[in-house]
Amino acid sequence: MVGLAVANVAGAVTPDEYCQQKAAASGSSFYYSFLFLPPERRRAITALYAFCREVDDVVDECSEPQLAHAKLAWWRAEIANLFAGNPQHPVTRALAPAIGQFGISSERLNEIIAGMEMDLTQTRYLDFAALERYCYHVAGAVGLLAAAIFGYRDARTLEYARQLGTAFQLTNIIRDVGEDARKSRIYLPLEDLRRHGVSAADILARRHSEAFVALMREQARRAESFYARAMQALPAVDRRAQRPGLIMAAIYRALLSEIERDGFKVLAQRVSLTPMRKLWIAWKTWVKG
């Protein structure tokens, strides 16, 4: 299973190279925010991102929930190995130096896995309070770890990171409504659907309507409110260190604006920014500080 995959890749590339390849292959907006970091911070955040990709891929690629649960259990055991000083996987080997240097904790890594486990047992969320708990596990916990890697002096920066992680996940949910519907998943709160007269069947059948656009406009405003809260929470003393997060925020906000300009046609297509535009936003945000 996972152990066999470890054996196959361990001798082929170094742990850092493995993580770099995993991050680059994803094409994610997050990759662009890592480019300007000093080498040791870039290695740590790339390893963290690769870890997130590994456990997320378990959910996306395993059609059998029982197998997916077993693989996530393997990752929980591998986190224990990491903190016992005996990591086996290239990703955990790459993460090992960051434990002491940047305060990577087993608690946060296991919270991320808990979010993946939620995806195996839950395909609907009754209200935003339930969705926000999910967002914390799959994105807020990642934000807290990332903020520590980027560096901070004021503890209020952790609140910025948590709010920003939620904003990112809400943006992902908006972008991926159609893709998730094809997997019979609906992350939009059911109470929001009812308020706008949109049924779960409408989402699963990918029926675009004025009511759906109104529903999505509400979701976009909610995501924007989390971006605004995050920016308000970021202390000036840590703004420069947290520029990678600001780059991600600029790219994701540009994506959200693009989706809205396109009329929220997310049921039929997945809107994305070009690599060149992401790189331009990243450079501009980094220079601006």
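## Basis of the model

This is a predicted model, in which local features need pLDDT of at least 70 and side-chain atom pairs count only at pLDDT 80 or more, while totals for chains, interfaces and linings use all residues. Residues are numbered from 1 along each chain as its sequence is written, and side-chain values use heavy atoms, with hydrogens and water left out.

## Overall fold

The protein chain has 15 helices and zero strands, where helices (H or I, at least four residues) and strands (E, at least two) are DSSP runs numbered from the N terminus. Its C-alpha atoms fill a box of roughly 55 × 45 × 35 Å along the principal axes. For 289 residues a compact globule would have a radius of gyration near 19 Å, and the 19 Å of the protein chain agrees with this; the radius is taken over C-alpha atoms, and the globule rule is 2.2 Å times the number of residues to the power 0.38.

Of the 289 residues in the protein chain, 51% are buried, a term that means under 20% relative accessible area, with exposed over 50% and partly exposed in between (1.4 Å probe, protein chains only). Among contacts (heavy atoms within 4.5 Å) between residues at least 6 apart in sequence, 73% join residues at least 24 apart.

## Aromatic pairs

Rings of Phe, Tyr and Trp (its six-membered ring) pair if their centres lie within 6.5 Å, and planes under 30 degrees apart count as stacked, over 60 as edge-to-face and the rest as tilted. By this rule the count is eleven aromatic pairs. The Y125 and Y134 rings form a tilted pair, because their centres are 5.4 Å apart and their planes stand at 40°. Y125 is buried, with a relative accessible area of 0%, and Y134 is also buried, at 4%. Ring pairs also link F51, W74 and W75 into a cluster.

## Charges over rings

A charge sits over a ring if NZ of Lys or CZ of Arg is within 6 Å of the ring centre and within 35 degrees of the ring normal. The charged end of R222 sits over the ring of F128, 4.3 Å from its centre, and R243 lies over the face of W286, at 3.7 Å from the ring centre.
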